[in-house]
Amino acid sequence: MVKNSFISVISQEEKEENRGSVEFQVFIFTNKIRRLTSHLELHRKDYLSQRGLRKILGKRQRLLSYLLKKNRIRYKELINQLDIRESKIR
């Protein structure tokens with residue numbers, strides 16, 4: 001597992017200022033998701049990590065849907081920066 005391959009879109013100053021912002025939380029969840037995904041590629045039967053991954057995916061999805069409702073432009077920018085798929089709108 002290579003830890004340096006994870007994204008670093010947000011600068012250090014922004015990390016200290018905006019820890020509670022939706023963008024920062026989605027950024028942290030995305031890093032955790034990528035780390036867990038690479039872990040699960042090696043350990044396919046680690047069911048507790050699979051459960052944790054599903055929980056984090058749900059949290060990130062709820063934050064992204066909140067951001068989509070509040071500010072569509074910030075949502076689009078974040079999706080492009082983090083290189084993740086757009087959520088399906090129901």
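In this predicted model, Phe24 and Phe27 are 3 residues apart in helix α2 (residues 22-42), so about one helical turn separates them. Both residues belong to the interior: Phe24 is buried, and Phe27 is buried as well. The count of aromatic pairs comes to 1. That pair is formed by Phe24 and Phe27, with 6.2 Å from centre to centre and 40 degrees between the planes, a tilted arrangement.

Helix α4 spans residues 72-82 and contains Lys76. Its buried residues include Tyr75, Leu78, Ile79 and Leu82. These residues lie on the same side of α4, because they cover an arc of only 100 degrees around the axis. Among the elements covering the buried residues of α4 are α2 and α3 (47-70). Ile73 and Asn80, on the other side of α4, are exposed.

Lys76 has a relative accessibility of 33% and therefore counts as partly exposed. Along the chain, Lys76 and Glu86 are 10 residues apart, and 8.4 Å separates their C-alpha atoms.

What caps the N-terminal end of α4? The cap is Asn71, through a side-chain oxygen placed 3.3 Å from the backbone nitrogen of Ile73. Just after α4, Asp83 has a positive phi of about 60 degrees.

The distances given above are listed here.

| Pair | Atoms or points | Distance |
|---|---|---|
| Phe24 and Phe27 | ring centre to ring centre | 6.2 Å |
| Lys76 and Glu86 | C-alpha to C-alpha | 8.4 Å |
| Asn71 and Ile73 | side-chain oxygen to backbone nitrogen | 3.3 Å |

Definitions and conventions. Residues numbered from 1 in each chain as written. Predicted model: local features only at pLDDT ≥ 70, side-chain atom pairs only at ≥ 80, totals over all residues. Heavy atoms only, no water. Phe/Tyr/Trp six-rings, centres within 6.5 Å; stacked < 30°, edge-to-face > 60°. Helix = DSSP H or I, 4+ residues; strand = E, 2+ residues; numbered from the N terminus. Buried < 20%, exposed > 50% of the residue type's maximum accessible area, 1.4 Å probe, protein only. Arc of directions from axis to C-beta. Contact = heavy atoms within 4.5 Å. Polar contact = N/O pair within 3.5 Å; in protein donor to acceptor, adjacent residues only side chain to side chain.
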